[in-house]
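Colleague: Could you show me how to read a model like this one, feature by feature?

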Amino acid sequence: FSPRLDAGGTERPRSRALSLDELAQLFERIRETPNFGADNLLAIKLLLALCVRKGELLGARWEEFDLDGHTQAGAVWHLPAARTKTGEGLDIPLVPTVTEWLNRLRGMAAGSEYIFPKRRRDPRERVPHMGIDTLNVALLRVKHGLPHFTLHDLRRTARTHLAALGVRREVAERCLGHKLRGV
């Protein structure tokens with residue numbers, strides 16, 4: 001087995017992060033795209049604000065959230081270990097703006113157990129929530145005029161901006177759910 005020959009090539013690290021100006025342009029173009037969808041917009045905002053992976057967000061269930069702040073840390077998302085890449089559960093504090101977005105999504109979810117419910121019947125039943133490619137397809141409809149980026153690049157974007165704000169490395173890495181040696 002050869003990654004280069006059998007798996008589509010050798011994986012190369014990416015370095016793409018969106019600047020503040022690019023983020024502003026992206027959100028402006030999203031708002032100008034009539035069929036982008038309010039839930040898709042909130043998903044993009046949540047990816048940036050929470051620094052989570054797309055699959056972690058799309059698979060989130062309402063039972064994982066304490067939006068009323070009944071914990072010592074206030075409002076929090078208890079992301080279970082079974083759904084993280086590292087296999088470690090995370091408690092992600094939620095600022096008021098994020099809880100407001102999530103409450104809006106709760107209304108849109110119409111009683112679904114998922115914050116991003118499945119939108120249509122999928123004969124292949126790959127996932128019980130919004131399809132993993134849905135946001136990618138929605139972004140293709142946005143005429144943003146930016147150099148190519150992927151949704152995963154939003155994690156790097158968040159990390160880059162955390163560094164620019166002076167957030168300590170170990171704190172920023174934990175925000176992304178990364179394991180740190182010796183910590």
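Modeller: Let's begin with burial: V98, T99, W101, L102, L105 and A109 are the buried residues in α5. Buried means under 20% relative accessible area, exposed means over 50%, and partly exposed lies in between, using a 1.4 Å probe and protein chains only. Helices (H or I, at least four residues) and strands (E, at least two) are DSSP runs numbered from the N terminus. Please keep in mind that this is a predicted model, where local features need pLDDT of at least 70 and side-chain atom pairs count only at pLDDT 80 or more, while totals for chains, interfaces and linings use all residues. Residues are numbered from 1 along each chain as its sequence is written, and side-chain values use heavy atoms, with hydrogens and water left out.

Colleague: Within what arc do the buried residues of α5 fall, seen down the axis?

Modeller: The arc is taken from the directions that run from the helix axis to the C-beta atoms. For α5, the buried residues fall within 155°, so they line one face of the helix. P96 and G107, on the other side of α5, are exposed. The cover over the buried residues includes α3 and β1.

Colleague: What should the 14 residues of α5 span?

Modeller: The expected span is 1.5 Å times one less than the number of residues. For α5 that gives 20 Å, and the end C-alpha atoms are 20 Å apart, which agrees. Just after the helix, A110 has a positive phi of about 50°.

Colleague: Which residues have the most contacts inside the largest nonpolar core?

Modeller: A nonpolar core joins buried Ala, Val, Leu, Ile, Met, Phe, Trp, Tyr and Cys residues through side-chain atoms within 4.5 Å. The largest one has 43 residues, and L57, W77 and L102 have the most contacts inside it. At least two residues of this core come from each of α2 (20-32), α3 (38-50), α4 (54-58), β2, β3 (90-93), α5 (96-109) and α6 (134-140). The element that gives the most is α3, with 8 residues. There is also a second, separate core of 5 residues, including C51, A158, L162 and L176. As for L102, its contacts beyond four places in sequence are L46, W62, F65, L67, L94 and I115.

Colleague: How many aromatic pairs does a search of the whole structure find?

Modeller: Rings of Phe, Tyr and Trp (its six-membered ring) pair if their centres lie within 6.5 Å; planes under 30 degrees apart are stacked, over 60 edge-to-face, and the rest tilted. The search finds 2 aromatic pairs. W62 and F65 have ring centres 6.0 Å apart and planes at 55°, so this pair is tilted. F65 and W77 have ring centres 5.0 Å apart and planes at 15°, so this pair is stacked. Together, ring pairs link W62, F65 and W77 into a cluster.

Colleague: What lies over the face of W62?

Modeller: A charge sits over a ring if NZ of Lys or CZ of Arg is within 6 Å of the ring centre and within 35 degrees of the ring normal. R106 lies over the face of W62, at 4.6 Å from the ring centre.

Colleague: Where does E64 lie?

Modeller: E64 is in the loop between α4 and β1, and a relative accessible area of 6% makes E64 buried. Not counting residues up to four places away in sequence, E64 touches G59, V76, W77, H78, L79, P80 and R83.

Colleague: And the chain as a whole?

Modeller: The chain has 8 helices and 3 strands. Of its 183 residues, 40% count as buried.

Notes:
Contact means heavy atoms within 4.5 Å.
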